[in-house]
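Open the model in your viewer and keep the selection panel at hand. The tour goes stop by stop.

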Amino acid sequence: MTAVEPPWALLAELTHACPLRCGYCSNPVRLIGRSVELGSGEWAEVFRQAGELGVVQTHLSGGEPLLRRDLPELVAAADTAGLHTQLVTSGVGLTERRLAGLVGAGLRGVQLSVQHAEPTAAERIAGAHSFAAKERAAGLIRAAGLPFGLNVVLHRGNLDAVEELIALGVAWGADRIELANTQYHGWAARNRAALLPEPGQVERARETVLRWRRRLDEPELVWVAPDLLTGTAKPCMGGWGRISLTVAPDGTVLPCPAAATLPGLDPPNVKDRRLAWIWRESTAFNAYRGESWMREPCRGCALRTTDFGGCRCQAYALTGDARNPDPACHHAPDHHLVPLRRTSTAATHRETPAETRREARREALMEPPGEP
Ligand code: FES
């Protein structure tokens with residue numbers, strides 16, 4: 001048996017609670033409640049084991065990780081374990097004092113999300129008053145001298161504002177602007193009809209990015225292509241069980257954040273097993289590792305070493321079988337199943353992505369109650 005290389009990155013989903021209600025969120029539709037989140041000591045042990053296993057960096061994510069009052073403690077534990085820590089945040093709840101505490105604990109970088117360059121549109125997508133908090137957070141991150149990434153998830157509601165979004169990132173002093181077309185998992189899959197771009201939107205946005213790249217060397221502009229529209233499968237997670245692992249708020253360990261949707265995966269939990277065993281030996285992490293699980297045409301395709309067969313969760317969502325070739329690929333027998341346009345009746349209403357999601361998300365986080 002080939003030795004399994006250690007993972008590079010750990011996505012630590014500290015909580016699924018969030019002050020925003022973005023319709024493109026890839027959190028699972030069945031959000032994990034606050035009462036079953038791992039405690040501070042349990043997270044510290046996860047980071048310790050991750051360091052031992054060879055993990056280099058951890059993304060402290062959510063939901064909104066700032067809702068964890070013990071966040072400085074968690075950052076310190078990850079730092080002590082030798083992990084490079086990046087906070088992935090909406091910016092809501094970030095104060096000068098809070099950030100100073102996190103930097104003192106060992107925080108090395110921040111990725112801030114923004115939904116639109118225009119405040120009213122941004123707040124309509126986010127489903128909450130948040131733009132001023134984000135602007136303030138950007139200033140604090142800059143003043144602290146931390147590496148600063150701005151993340152924008154792109155969809156029908158903001159693809160036409162890419163020009164303004166890049167200008168906003170430049171004005172806010174971002175080192176890196178990630179323009180990521182929506183990946184349809186979790187809430188985003190549920191809201192797909194409202195999120196799918198109109199014809200021409202993606203191409204116009206891509207041309208805008210190329211134009212800015214020709215004008216500026218900095219900030220770095222990252223364009224994450226929409227695999228459903230390009231006819232090519234994305235190398236999801238850099239390959240299943242290959243470079244990264246996700247720990248959900250309750251300690252479930254997953255090869256990707258959406259993998260809990262796959263039937264029969266039986267994902268392990270850090271409360272029952274050591275991370276090293278989970279990574280190397282668990283059924284969940286070996287299910288689609290390497291190439292032996294692949295079917296034709298992936299099995300004989302030259303791209304299998306670069307796209308790793310595409311996305312298993314998408315293959316399952318669109319075809320009902322996670323072993324099938326990812327329908328995003330134009331060679332896949334099920335490519336015709338790719339939803340290229342808004343098709344459902346929901347798309348004929350005037351709803352926004354946030355509105356389609358908001359009520360359901362609120363219900364999910366009402367139990368157990370609110371604040372940490
Ligand atoms: Fe799970 Fe792509 S999101 S494999």
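UniProt positions follow the numbering used here, feature names are shortened, and annotations may be inferred rather than shown by experiment. This is a predicted model: local features need pLDDT of at least 70, side-chain atom pairs count only at pLDDT 80 or more, and totals for chains, interfaces and linings use all residues. Residues are numbered from 1 along each chain as its sequence is written.

Zoom to C18. Its place is in the loop between β1 (9–13) and α1 (40–53). Helices (H or I, at least four residues) and strands (E, at least two) are DSSP runs, numbered from the N terminus. C18 counts as buried because it has 23 C-beta neighbours inside 10 Å. The cut-offs: buried means 20 or more other C-beta atoms within 10 Å of the residue's own, exposed means 12 or fewer, and partly exposed lies in between, with C-beta atoms placed from the backbone.

Now show the contacts of C18. Leaving aside neighbours within four places in sequence, they are G62, G63, E64 and S90. A contact means that the C-beta atoms of two residues, placed from the backbone, lie within 7 Å.

Move to C25. This residue also sits in the loop between β1 and α1. Is C25 buried or exposed? Buried, with 26 other C-beta atoms within 10 Å. Not counting residues up to four places away in sequence, C25 touches G186, W187 and A188.

Next, colour the strands. Nine of them form an open sheet with mixed pairing, in the order β7-β6-β5-β4-β3-β2-β1-β8-β9. β7 (220–224) and β9 (253–254) stand at the edges with a single partner strand each, so one side of each has no neighbour in the sheet. Strands pair if DSSP finds at least two bridges between them.

Pick out β1 and β2 (residues 57–61). They run parallel, joined by five bridges. E13 has S61 of β2 as its bridge partner.

Last, select residues 4–219. The UniProt annotation "domain: Radical SAM core" (unreviewed entry) covers them. This stretch is 42% helix and 16% strand, with its end C-alpha atoms 36 Å apart.
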